[in-house]
Amino acid sequence: MRFKFLLLSVLIFFSIPAAAETNRDAVSSNELPAGDPFGEAEAIISSSSNAEDTIGEKADTVSSDILSGYLESRALLLHSAPKQEWLFQNANKLKLKLDKSFNRINFHSEINFSYYAGHTRLCLLEYLPQKQVKALSNLFGTNFSADVYNYNYNNRITVFRAYGVITLPRVSFFIGRQPVTCGTGYVWNPVDPVNKKDMLDPDYELPPLDALRVMLPLPAVKGELNCAYGFRNNFKDGEFLAFIRAHAWLDWHLVYAYYNYHKTDFLTGLTTSGKRSLIGAAFAGQAGEVGIHGEAAYHTGIKKKATAYFSWLAGFDYTFTFQNRIMAEFYRNDSGSKNSQQYTLQSWLSYINMEQGCLGKNYLYLSSTQILFDITELSLSALINLSDSSYCLMPQYKIMALDQLDILLRCMIMDGSKGSEFAAVNESGELRINFYF
Amino acid sequence: MKVKYALKLFSILIIFTPALSALSSAAIVARMEKAAAVPGCRMLYRQVIKRASGSRSVFKIESFTMNGNEKQLLRYLHPAKVKGTAFLILNSGDDIWAYFSATGRVRRIARHARRQKMMGSDFTYEDMSMTAFKEKYKAELLGEDKVFAKACYKLKLIPKERSSYAKLIVWTDKKLFVPLLVNYYAAGEKTAYKQFMQGKIKVINSYPVARMVIMKNLEDNSQTIMQVLQVEMKPNINEDMFVPSYLKR
């Protein structure tokens, strides 16, 4: 009996590793990699990379490119509805980036060389509803080709960014021409008085601010306090922007701004300036699996010279398992007009000159982006002015096959009732090629 | 009588010895986390993405990590197209922020978006949380096996939270407790659709560092290779860099 028990024990002893072996035998051929994956990977690397990157480079020297940039060439085709003709413009930009890092100091600069060909003089009146143009001609007769109504695309060299960052243990200083952004919205940022996004191209680079910015970390809210002073002609004309950006629980921003506004009277050509203040808040987080974001801002006129108004935004985004991302954003701006009947020549020209953020009161943005084969992206966006029921559809196809090249093909199909925002230009198309170096 | 008891005791010992010598799944997972818990580290990687079409992209990435992968900062250095783009991954992948140099904005990546591919590679944002085994997965020891000629523990990991994966099968080195091979399974699938491999392991400052990491997408026939070019252990790494505002610098 005891020998049987011993035999059983020995069998059990040997059966455990045997079971493990059996388990391995049960593994499908798919489970374990075939061949030598690391040898194969090395062969891929050696045929894909430059020889200078070898293991054991001195750890302190990161071989990052100091000088880089891109050439952006845009071929734009625009259909002018009032003139019933197609206009062509070739807009090019050579951007040179120079970055250098020292121990506690980083320096960043960007210089843009912009040059244009084709239709380079844009008469704003050609894109206005006939009703507005007639009102103007009634005032001034047929000769209203004053410079204030024209925009010339001139070749130019711009120092787009040039700023240094000094990082100390409890404070950082950003000095010079720099990007200053706040807010969580994609197309609009009511809390951001500095940057004015192009609604039809919200991803495009934003102009900088000449400023001195101090950033203090706020560990209690996992964030930081930013205080920026934007330089102007004299100290009292300067703009001030303070915002707390925190990341506790969800991302939220609290913003206070004291900023300049300009208003041009397009009938007399006179410009008046003033100050506004802004108090705002923004957040980004998630509700279950859905990403949500929102912003709200209250703008007041200093010394009651300008009317106060409220603007807010709410949006969501979601990514499906098949790599499709959808997004929606609703924007309300109380300074806009309720319908196209309320649009005036003044509001149109202020809007075109970016003195006024938008024409209408209510807007909706919808988009769906699908990544195809990892190297291309197909998207369809719609921007709808709910106040005047006009819309702009923007199908877009982006090819990112090469590390040095991006190709973007997009068109804009606009429609709406007479006098509405998107009725003046019916269609436009763009081929944008970026060469990176 | 004494002989009888001695034999019984011997038999019981024989039965339980393998069980005593083998580690439990919880102990293995704890050892895996300990092996990965590098206090502070800076690495320079070369990343090569090889797509099914044969086209390739080469990136250079600088990474800073703290407490294993609890806090990670990744910054793309090359090519110019993505230079400056950076990711901050906190709480072992629960919170991710991205900074895209083209737009100059820092954006939080929502939970649903973590199934997206990271910069076109075969890694998703979710894959970046691979080291928090105990917190994120329920582990079961399947046995022992050999992978890349190394003795391994074979574990089944079931995500505790909602995940793109239904389960992971992990082969972890018995000596170093580094996961050498991870197979990813979709719900209802018996065959893996993604495969993660780590090799060329070198022990630096008593921590095993994989100098080559491969993520293969077996469905798409694409793969992403991460080759370590530099490793610098930084036990006193500055925690201040692991904040979203640092991404812009």
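I began with F196(B), which is buried, having a relative accessible area of 9% (buried means under 20%, exposed over 50% and partly exposed in between, with a 1.4 Å probe and protein chains only). The model is predicted, so I note that local features need pLDDT of at least 70 and side-chain atom pairs pLDDT 80 or more, while totals for chains, interfaces and linings use all residues. Residues are numbered from 1 along each chain as its sequence is written, chains are lettered from A and ligands numbered from 1 in the order written, and side-chain values use heavy atoms, with hydrogens and water left out.

**Aromatic pairs**

I then looked up F123(B), which counts as buried, also at 9% relative accessibility. Over all chains, the structure holds 20 aromatic pairs (rings of Phe, Tyr and Trp, the last by its six-membered ring, with centres within 6.5 Å; planes under 30 degrees apart are stacked, over 60 edge-to-face, the rest tilted). F123(B) and F196(B) make an edge-to-face pair, because their ring centres are 6.3 Å apart and their planes stand at 80°. F123(B) belongs to the loop between β6 (105–109) and α3 (133–136) of chain B and F196(B) to strand β11 (residues 194–204) of that chain, so the pair ties together parts that are 73 residues apart in sequence (helices, H or I of at least four residues, and strands, E of at least two, are DSSP runs numbered from the N terminus).

The next pair I noted is Y165(B) with Y193(B), which is tilted, with 6.1 Å from centre to centre and 40° between the planes. Since Y165(B) lies in the loop between β8 (150–159) and β9 (167–173) of chain B and Y193(B) in the loop between β10 (179–185) and β11, this pair ties together parts 28 residues apart in sequence. Y165(B) is buried at 5% relative accessible area, and Y193(B) counts as buried at 16%. I also found one aromatic cluster formed by F59(B), Y76(B), F87(B), F100(B) and Y125(B).

**Nonpolar cores**

F87(B) came up again: in the largest nonpolar core, of 65 residues, F87(B) and L168(B) touch the most other members (a core is a set of buried Ala, Val, Leu, Ile, Met, Phe, Trp, Tyr and Cys residues joined through side-chain atoms within 4.5 Å). The element giving the most to this core is β12(B), with six residues. A second, separate core has 35 residues, among them L122(A), C123(A), M199(A) and Y331(A).

The charged end of R213(A) sits over the ring of F174(A), 3.9 Å from its centre (NZ of Lys or CZ of Arg within 6 Å of the ring centre and within 35 degrees of the ring normal).

**Backbone notes**

The peptide bond from H78(B) to P79(B) is cis, with omega near 5°, and P79(B) is in the loop between β3 (71–78) and β4 (86–90) of chain B. A149(B), which is not a glycine, has a positive phi of about 65° and counts as exposed at 73% relative accessibility.
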